[in-house]
Each structure stands twice: as C-alpha cells, then as structure tokens.
Amino acid sequence: MISPERLLLLRLRCRILESYLEFQNPASLKAIEKIRSPTTSAHNIPVTFPESYPFSLVSNLPKSAPNAVGALENKALYNAGLGETAIVFLTLALSSPRKIWLGSLENIMEIEGPETLAAFLIRMFKVGISILSNDAFPSNWMNANILVHKVLIKIMDPIATILEREFVPEEGSSLAFDINLWREAFHLLFKLLSSEQLVIEEFSPQVYSTCLSYLLPLTCTLETAGCVAPCWRHQRGRSRNPDTTMELSRSTSRRDCGGRTYCSRCKSTVTELL
Amino acid sequence: MRPVPHVLLLIYTYSFSSPRYAVCSHRRAPVTWYPSTSSYKTAAKVDDTQQVFIGIFPKSHIFIRDESPDAEGRLAEVAAMINNGQSAEVFAQWTKDVAAMEAMKEEEEPFAHLSTRKSFKLAPPPDQANSVRARLPVYPASLRSVSPTESHAPKPLPPRPSLKSGDDTISGAEQPIVDEIASALREWHTLMFQYLARRDYRLFQIVREHIEALHLGRRQLLSKTLSAEETINLRRQCVARLVNGNIVQGLDIIVRHPTWGGLVTVDVEGELDTRSWVSAVRMYAMQVSLAYSEPSSPGVWNLGAFVENATTPGNPAFSSQTALQEHARLRSNSKSLGSLGTPHSPHPTRAKFYHVFLDLRAFVASPCAPGETAELFFNLYKSDGARFVSEEFCAVLNHQGVLARDPTSRIRTIFTDILQSDAQDPIYLVCKIVRNGSMKMGSTMGSILEGGRRTSEASFRDGPYPVGFNDSSTTDVSMMSGRGQSDLPSHFRRPFGCAVLELTQLKQMATEQLEASSTREHTMPIFVPTHENTFSMLHQDILNNNSKEFQKSPRFVGSISLIRPRINWSFYFRAEMLAVSIKVFYGDAGTIIRENTSLLQDTPLSLRLGFPDVVFPGDDRNELYIKLWSGDFTASQTSTARRSVTNFARGQVSTTGNVQISIEVRDQYGHTVERSITQCSGEPEMSQFHSMVFQRTNQPTYGELIKVKLPYHNAQALHLFFTFRHRNVRERSIGRSADLSERPFAFAFLPLFPDSRAFVEDGSHTLALYKADRISQISPEIYLSAPFWTPSSRPDQVVIPPEMQKYAPLLRDTLIIRSSLVSTKFTQNSVLLSLINWDKISDREVLSTILTMFTFVDEKDVVRFLQDIFNSLFAILVSSTNQGGEMDHLVFNALVTVLGIVQDRRYSNFQPVLDVYIESHFNYPTASSHMIRSMNRLLLDPTANETASSLRAALKVWYYLLKFITRSRELQKQEEGLSSASSTEQSEQAFKRELKSHLSEVNRMMSTVAPASIIGTQTIALQHFTSILPELGKVFPIVELVSIATKFANAISMVKGKMVIWKLIMYLQIVKGFLFDNPQSRTLLVDSVVSWIKPHFGKFDEYMHGGDSDAAKDTARIAWLESIRLSITVTAVMLDKLQQTLVSPAILADKIALRQEQYNIDTLLSLLPRYV
C-alpha cells in the first residue's frame, strides 16, 4: 500500500530530471544570453552548490577541458546547474539499492499506470544520454565520469527488468508496443556500452590504476545486455532506429578489436541480438 | 624462414617501468653485433659474467629460430581461461609461470603487439641450450647494477589488461598515494618524449619539475621518517602536484583525497575505505574546483620549497604555490565548495595580520667620521595616501657601520600588524639616514688638517666606542639623553640621505594568502637630497622619480677618479647602499614570535601607527606619537641674526636657521619625566629629544617622529615642553664658555589633556612660541595657563595672561606638530568619556542625551573601548536609574549600533572580540528581559517610520542580541543554582515564554503583506533567522527548534521576486546547520524541507510565472533557474549529510551499532527516493 505522501515524493524525483531538462532547455539558454544580470554573466570560476546570492548560472569552461560542453558548445560555457543536477540524480541513484529502485518503479506502475512510468523512464533515458554525451561536465573529469558509468550500469539492471516485464506486450494483446520508449532505452544502453570511458585499453596508466575498482561492475553490464536480449528481438521486426543501430554497431565494433577478453561475453550477447 | 646468412644488428629497447620489449633486427655486415652479457666469451658462460653488456660474438654462437608470437601455443589456453571468468586465478597462475620462465617472457607476452614480429633469441646453439636460463634477457647499459640474483626475481606483470595495476606496491597498499605517484610518473614520462619532439620545452620543464618533486616526495613517504603531520602535509602537496601536472598536460582531472592521497571513493555499499571516502556531491564539488584550479607558472614551482616544507614542522603546507591553494581552500571552508564548506569555527580566534621582518645585513656607506654616528630610521610607507604605516625602527651605527651601542648585535626588527588592505597596495620600506656629527660633512671640509684634527679629538673624547651609550649610567648628561653625543656642541643631528625599497614580497603574499614568505635579500641604493631642506620629503621624491631633488652621494676623490674610471663605485660614493633581508609572516604576532624563537627572540617590535582594526580585551598600548613637522622662525630670526653678527663679527657664516628643537615630557611642577621619549623602536628611551638641524633655513621641515610613553596614572598632569635653540657651527671655535647658543630663544608646550578630561585631539597643532629669555622666572603654572596653540588665521586675538606677557611674550614664530594617540586607556571623545563614566551622571536627561549622542561616535573610537562601552551600557540597563525600563530603548539602540559595526567590513576582526567579551567578560544576568522587551517593542509596529530602521538594524545583529540574551540567562541560572529548584523552574518557564512571545511577534511580522516596505525588513529577518537557531538551541529542546523553524518558514506569506531566493537560502542554511546533524530533528526536517522546496524546481511553468512580454518571461525563467539551482543545492546538502552518516567510522567500528545502522540504512534508503 502506497501512501499518497510517498507518491508525492516520488514525483519530486521526477522534478530533478525535469530540472535537468529545464537547464538544457533552449529557451532557458536563450534567456541566459539575453538577460544581463550578475547571475547570467559567465564567471571564470564557478561556485559549486552556491549558498549565497547572487551566483552565476554559467561559467567559462576550464582551460583543461578537452571538449565543449554540449548544450552550450558554441560558447564553451559550463552550465553549472546541469552538472549539479546530474550529480544529485546520480547520487540519489547510487544510494538506493536495486530492490528500492525496482520497488519505486513498480509503485509508479501500480499507482499511475504504464504511461506515467514510460514518461518517467524516457525522461531518465534522455538525461542519461545527455550526461553520457558530456553535456553536464567535460569528459576529463574522471571521478564524475566514473560515477556516471557506475550508476547507469547499476540502474539499467532494474530498469531492464521492469521493461521486460511491463513493456513487452503479449502476443495478441491490445497494448501497443512503445517504440519510443524502447528506442531511448537502447540508445542509452548502447551509448553506455560504447562509451569511450570504458575502453580500458586506451586508458592512461594513471586512470587505469585508479579505475581497477570499477572494472568489476562491468560484469553487471553484461548481465544487463543479457536481460535486454529478448526485448531486442521484439523490436527487431518492428522498427530500426538509425541511432540505436549506429550506437550498437559502434559498440560491437569496439568490443571486437584486439580480442579483449573482458568484453567477449558482451560481444557474444550483443552480436546474438543482431 | 631462411636462416640469417651473415650478420645481425639487434636493438633491444627496454622500458623499465613497464615490461614491454621491442626487438628489431637488421642485416648488415658479416659480423654479429651482439648485445650480450659477456665480452667475447662463450654463451655457455653467460650466466657467470653478466656485468658486461656489449660484446661481439662469433656467428656460431647465435641460434636463430623462427617463431610465432605464441610459439608455445599457450595463448589460446590463457584466453579461454580468462573468458571463463577466472581471470583473477588465471593471472595469478600466469604470474607464477611467467616468474618461472622470466627469460622467455617476451614471447609469451600475449598483448605486446611487437611480439607478433619475428624476434631473435640470445641463445646458445641448440646443443648448448641445456637450460632456459641460458637465454638471458638483454638489458640496456643503464641496468648495469642489476645483479644476477635479482634478475631471477619475479618480474612485474605484463601490461594490461589485468586486474592489478603494474604500479601496485606493498607501500601502496598502506598509502595509496605512493602508487598514485608511480603511475602518474610513468604516464608523464612517456609523454615527455612527445613534448620534446614538439619542442615544447616550457611544458617539458614544468613536467620535469613536477616529476622531480613528486619523485622526491614519494621517496620521503616511503622512508617514513616524517611525523604524522608532516606526512599529511607532504601528501597534500603531492596530491596538488598530481592534479596540477595533469592539468598542465591536459590530462584527466582526478580527485584524490586531499590528505589521504587515495582516489576518493563515493560508494555507500560494500567494503569502504573510510580514509578516502567522500560523499558523491562533495566529490563533484572538489572535481569542479580542481578543474578550475590554475596550473601555476613554472617559475613558482621549485623543488626547494617542496623540500623545505616537507621537513620543517609547523610550517603551513601552502607556502609558495598558488596551485596548492586550491586544496587549501578545499580544506578550509572555501567559497568554491559553496554550500558544502564547513561553517565558521565558533571558537574565538586572534586576528591575523602581516608582519615584516627586517634584518640589516650591510650598510655600505661612510657618512660619518670616527666619533660620529649615523642614525638609520626604517619604516613602512604606503604610497597610496602617502602615509607611514608603522612607527620607526631606529638603529644608531658608528663609523664602522655596526650598531654603536652594541657592535656585536644584529640590527633587526619586525614591523607588526600590517592589514590585509594595506598589503594589497604597494608598500615601501623607507630608510632615512641622519648623520650625528659636525655641522658639515667631511667632504666639504676637504682639508687634511681639519679632518685630522677632528678625528683625533673625537677619538680622544670617546674612547673605543665613539658613542657614549654604554657608559650612560656614569654621567648625568648621557643619562638624561640617550643621544649623549648630541649634547656635545660640536655634534648635531643632520639630514643625510634616504633609501627606498618596494616590498613586493608582501603584496605577493597578500594575493596568494600564504603564511610565511621565504627570506629574501634586497639592496637599497642610498640617495641624498639636492637641497637638505627637502630631506623630509626625500622618500616621495625618490618614489616619484623627481630626479632634480636627489642624487647619489658624491665623494671627493680628486683626480683619482679621472685616472681610474673603472674603480669600484662604492669608492666614489660616500653612501652606496643598504643590504637588507626581508621575511614576511602572516598570523598573530605573539604566536609567530613563539614559533620562530631563534629568529625573532629579542627582536624589537616596530608597532603599527595606530590600532589595526580592533582592540582585543587584554590588548594594551598607551602611547602618543608626535611628528615634529615644521617650524617657521622667520620672525625671530632677524633679531638673532643681527645679534650673531655683532657677537661674532667674522661674518662669514650667517647663523640664520640652524634651529634645533628639544622635546621633553614635564609634569605640572616642571620636572622632566625621565626616559619617557623614544625614537620608536630599537634604541633605548631618552629624557630629552633633540631634532635635526637644518642649515640656513628659517622654515625647516623636520618630519621626525617620536613616541611618548604615557603613564597609566597622572597622565593628566603631563605636558610636552619644547625648547628652541640656534646652533652655530662656529661657536665651538669661539669657546664653550660663551655658550650663548645653548640658551633657548623660545619655548612652547602641549598639554596632553587640554581640558583635563579628554586627550588632546589627533592631528595637526600649531603651537605658540613664547620668548624664553627669562624662562627661569616663569613657573609651569603660569605658562600652562596661557594658550598652547595659535589659530593660524588671527594670531593677534590670542589672550595672554599678563604675567606671561611680561616675562615670556608671544613670538610670531610657530611650530607645527602632528599628534596621534594610540591608547587603550585614554580617549579623545567626550561623549565616550561621559558614557564610560556614566555613574557620575545623576541626571537622567543628561544620560539620555549621551546615549543618543553615543550612536554618532566614530566607529574607531567605539572599537577601542568595546569592553568599557558594553559594561557601561549593560550597567545602565540593569541600574536603578532604569528600574521602570525608561532607558531600555536608548540603551538597546546604542547596543545595536555597537553590534552593527560587525556588519562593517573594515572591522572584520570585530567578531572574535565580541565573542570573547560575551563568553568571559559579560556579567549582567538580568539584562535579557530588557533586551527582549525592546526588541518586541520594535516588532509591534514594524513599518512605522521611527521603528522600521531600528528594527532592521536590530535584525541584522539578531544573532548577537540572542547571544547576549542566552548568556545572561545562563548567568541567571548560575545565580539561581543556589536557590530552590521550583523557583529555577519558574524563571526558566518565564524566560521561555518571553522568548516565544518574541518569536511569535517575528512570525506575525513575517506574515504581514502590506505595506510593500515591509519586504525589506522581512528579507533581513529571513537572512538572519538561521543564525539565531544555535542560540535558541541553548534554551529549547531540538525537536522544538524544528517546529520553531517550520513555523517561521510557513509564516512567510509573500513569496515573490527575490524573496524566493532568500527563502531557499534559508532552507539551505537550515539543512547545513546543526539541526540536520541531529538524528532526531533530521527525521522531522527532511519531510518539511522536501515540502518547502518542492514548488521551486522542476519544469518551468510559463503560464504560472511568465509575464506578458518576452523580457518578463525571460526574467521569470532566469529566476526559475536560480531557484532550481538552490533547490538542487538543498537536496545535495541533504544527500551529503545522509551519506555521511551511512559511512561514519564510529558506526562502522561498532558491530551492534553497525547492524542497527544497516537496518537504518535500509529504512533510510527506502525513504531516500521518497525524499526527493
């Protein structure tokens, strides 16, 4: 039995995702550009998690950043709000065990129905993809990026479970197959698998030695890949999304190179999917 | 493959840190160039003689075989095992295999890509290959030291992928930073070649320095000889260097624990290493601030600083590297960490200032003949505002350039208490040189005869120590005056020269916020004025480069200078330069002197001119600075000159000018107060000060500073007494008996307390000069009744008592002095005086007037007498005069005014003083209800004209008001502790009721919507509400505090514009505060906070927030983004704190608590998604 209060609070989590998307919203960016005030002018050094007013919403990217942050790429600005919101979301996800995640997803399903859940999931996939594309912070912020991969790998597992259970209509069922949802799910998954941050063999010694601890969770990824395999089969016959196909082929091609032992299973499952 | 016919050239490259081998082969000539281990010996003996690495071998000794990369067919097997998920075991097993067959490692390297090529073995022919060990690995010459036994030790693992990093060491398991450094160095090392190839030498040098410093640091860490604190400092520096090294090279930004050194972990599940754990949001904040840290310029990095810091205990970790500041800021509550920074330490701390240590190393000048002395006056000068910051440090040197009074001692001082604001502007060290000797300098006297005579006379008179300080106890004259020699008629204090040095060190330190600079040597060229009259402004002329006004001091050397133009310059100049070394400290002077005893013990302190910001209770200074500025003796000169001419008819020297002023401190009976004048620091006290003598001018500008030590009692009776004499260079040759010039021609005086209540005001005073011919006939009583100053405009209107007029008529001459009082004892403000002595005022009206006037007293005066003022104010509050509370609001306003100074940045050190006072000096147990009542009175009518501004001012210092209130309640409790429990309980209840009524008044004010002007007051209340919570916590249980906070938050009805921001910031302060640290209140708060922030983030609702125009919509959008960010921050702070409780070491250590806490974690985590 879910209390109405809890439901309310679940919505708050959506607010974090919405906030992230709001920071990315072109209208917001345009407003920042248009309005001249202390908060909209770019500072050289951002204040992370500001506690006094005024603070600046955007700042120039650090000189050390290798790539411009996505949404504001032409001006090479760092949108501090994006990064902060992303981290809060990731931290929340990190702190909740799989059981809780699954439970909360089931709650949404039970109380608000599949449409709300699908909307929530799509929002989450979008945010995940955006973070993976380094919209929130540059790719050389190592610790933050490790966290991203760790958390996404972690949450994809319960999500795969719920996707498989709730969003694969039975043969002959009246329920339509939610193509969009599955497309985003695979987009995120393949983006994750093909992430450059996971190409261990290209790591520098420093990063390599520090990343050892997170090699192991990669096995989770493989499990996840196994989980989604049947779903992929479902989708195969219906639509081919150029995005996902591209990510998938990138992912597999990368896994192919050099006979890397650690991803051989992944390779097998993914090729099997295709 | 066809056997190689003739010759092989084998090139083996061996990378030491990662075992990769590259093997190349070439065919050239019929000889085998054979990098091997023995010189022309058979390969069978190779094991025994490995010391020689290069040799030539007959072809018959080379066995060549074709091989594929996987000659032994094991690769597939290994791969299969790894595929089966047994990678760890496989690698372990594999390691053993490799160790056993280390000689063959190259071939078995599954991932070294070069191994796919054909490689050649150093091996005996098959018939001799009885042992695998015969096939030795080939090392470059740099590995000569490798002994045969070591070569059999297990080699590092092959390259990645593996589950162990190649840099793992046992020490690394203890201190991860050791391995972190190793892997970073390995990576940088490989990149160095690229930088060289790109000819980026600058980067190359920077990285090289980083590598050297880190390597050294790693060795120091490994040696484990450092103390715990030093180790932490060293680790911190290494971490900072690792980050900076990566940043300059554009590599990944890696957050390592600032003091532990390991990569930070953010996991909250599983096995945690609490030493390197930080919460994920904190990690992110660190990540951002590291990414934005500036890689420092190559010049700043130096190995020296690194070593020095690592080995000097107590030295701050962040001495000379800007980049380390980033971590410094991480450690101390930093702005870049935003809301995750720790709150201010509640303990009162001493204020910190800059202190400049000066050591005079050499005085390359000879302005004085034997028997004469040179007086060096050092002080700090600020060009902005053209003022001296510190008092003068005086050193009297003899003709050999050493301290006259003690030739063996060092000439050192420390200029104390330089403010941050001073240090940011250019500050100069100014040294003025005064020559104490004959009226004219030797060079102009020129002749051998005269010079010789003078020398012999001087040495005859003074013995080995030319200046008579050492025997000051033996003669009355020198006891009277520290400057014994100037009493000798032939010796005058004469202007000589000046040297200036900009203290860039100080400015650099101020910008980099370091704790101590390194000692640096500087030279200061000495210049002399073109005209001696401009001597007092010489430093400004030098700074402004008015080259007409000064020059290098020439020395008369005759024709020699023409013949040998390349001779050492110092020979030509009478005064070449000074050499000084400077070190700057930051902190509290007492602590710094304690910590640097060897350097600073017995070093005279040259104090700041005036108080820094505030005066701490217990600080003690009581002195008056007098700057002898200028005189105008034109009026009396005419007559004196005439007389001189008649008396000394030689007529060749005019005696006009040459006025010497003597100053002494006298009491009301005319007795001189002995040893009360100093030339500031360095030299001993004197009883009479003699000024410089300027030749041939009737309007000399002296610019000399003296310090008068004030006694704590009877200072009211003292006055300064000035006498004026003409000093003539020719007098002595006529004979001292005449001694006419020894008689003063005029005198002046300055009473310290002109109206015998308040001290003489700071600033410029034009003193009246009286004729001194019959001075012996005037008693001090008579002249003290005459005016001591003349109004510059109408000197005629001065009223002189008749007796004075008779014996000592007023002269038209004047003397301008400047006075400056630095005292914790005396004040110049009469209102302040009245307030402090309020108990002598019986009239309530007068007291009210004084309290009203008090609010206009200058802040600088207020901060000096803080303790006395508070004591007086509270004494009035609880006095019998105020039984009916009539004075409440006046006292309250005065109190708020004083506390309001805390808002002023100029008095940034005010806060600790106040804390010290409240903690240990405040003692008025009944003051609390008076204060609460006054506050509530203001809240009753928050918008009325007369109360609105008072209320705002009071809300700004709400925290301190509450602090006084709770402290007085504490004192009350201590008193009540003696009486019965029931009465204590009663008064406690009464007190709580009073406080609650105050809070509900506040809430009522917060809920007001009209008029619009209330918003300002509400905003101030919002901004300061959280500051009072800790104080309320002393009275109410913590659960009740939550409801107080909730009531306040919910009372705010108007949520428009910036109010949203202030409201969110208040929530942020609440979750940052102690309420969220307490498990009881946290549970209650989480729900409230979530419901508070919920409406302020998420999707932007254009219809709800937007205006009609595009601009209004954009503004609304920006406001929305701001509130999102603050809401996210509130969430982040909550997450940070919740995560911290999950990994607290105390809980992890206790098994029962751990189980309990794990249960809690489950509950908490099940709640966590709910929360947000």
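The exercises below work through a predicted model with chains A and B.

## Exercise 1. Chain A in outline

**Task.** State how many helices and strands chain A has, and in what order they run.

**Solution.** 
- Step 1: count the elements. Chain A holds 10 helices and two strands.
- Step 2: read from the N terminus. The order is α-α-β-β-α-α-α-α-α-α-α-α.
- Step 3: check burial. Chain A has 274 residues, and 61% of them count as buried.
- Step 4: check contact range. Take the contacts in chain A with a separation of 6 or more; residues 24 or more positions apart account for 71% of them.

## Exercise 2. The nonpolar cores

**Task.** Find which residues touch the most other members of the largest nonpolar core.

**Solution.** 
- Step 1: the largest nonpolar core has 196 residues. A:Leu121 and B:Phe874 touch the most other members.
- Step 2: Helix H4 of chain A, residues 98–132, gives the most, with 16 residues.
- Step 3: list the neighbours of A:Leu121, leaving out residues up to four places away in sequence. They are A:Leu105, A:Ile159, A:Ile162, A:Leu163, A:Phe167 and A:Leu181.
- Step 4: look elsewhere. A second, separate core has 69 residues, including B:Phe747 and B:Tyr783.

## Exercise 3. A ring pair between chains

**Task.** Classify the ring pair of A:Phe137 and B:Tyr284 as stacked, tilted or edge-to-face.

**Solution.** 
- Step 1: The whole structure has 35 aromatic pairs over all chains.
- Step 2: take the geometry. The ring centres of A:Phe137 and B:Tyr284 are 5.6 Å apart, and the planes make 50°.
- Step 3: apply the cut-offs. Stacked needs planes under 30 degrees apart, and edge-to-face needs over 60. The angle is 50°, so the pair is tilted.
- Step 4: locate the partners. A:Phe137 sits in the loop between H4 and helix H5 (142–166) of chain A, while B:Tyr284 belongs to helix H8 (residues 280–291) of chain B. The pair therefore crosses between chains.
- Step 5: A:Phe137 is buried at a relative accessible area of 0%. B:Tyr284 is buried, with a value of 0%.
- Step 6: note a ring cluster in chain B. Ring pairs link B:Phe870, B:Phe874, B:Tyr917, B:Phe922, B:Tyr924 and B:Phe964. B:Phe874 was named in Exercise 2 for its contacts in the largest core.

## Exercise 4. Strands of chain B

**Task.** Decide whether strand E5 of chain B is enclosed or open, then find what it pairs with.

**Solution.** 
- Step 1: E5(B) covers residues 353–365. Of its 13 residues, 10 are buried, so the strand is largely enclosed by the rest of the structure.
- Step 2: six bridges join E5(B) to strand E9 of chain B, residues 411–418, and the two run antiparallel.
- Step 3: pick one bridge. B:Leu358 has B:Thr413 in E9(B) as its partner.
- Step 4: turn to an open sheet of nine strands in chain B. Its order is E19-E21-E17-E25-E24-E23-E22-E18-E20, with antiparallel pairing.
- Step 5: find the edges. E19 (677–678) and E20 (688–690) of chain B each pair on one side only.
- Step 6: zoom in on E23 (residues 746–751) and E24 (residues 763–771) of chain B. Two bridges join them, antiparallel. B:Phe747 stands opposite B:Tyr770 in E24(B). B:Phe747 is also one of the members of the second core.

Key. Residues numbered from 1 in each chain as written. Chains lettered and ligands numbered in written order. Predicted model: local features only at pLDDT ≥ 70, side-chain atom pairs only at ≥ 80, totals over all residues. Heavy atoms only, no water. Core = buried A, V, L, I, M, F, W, Y, C linked by side-chain atoms within 4.5 Å. Buried < 20%, exposed > 50% of the residue type's maximum accessible area, 1.4 Å probe, protein only. Helix = DSSP H or I, 4+ residues; strand = E, 2+ residues; numbered from the N terminus. Contact = heavy atoms within 4.5 Å. Pairing = 2+ DSSP bridges. Phe/Tyr/Trp six-rings, centres within 6.5 Å; stacked < 30°, edge-to-face > 60°.
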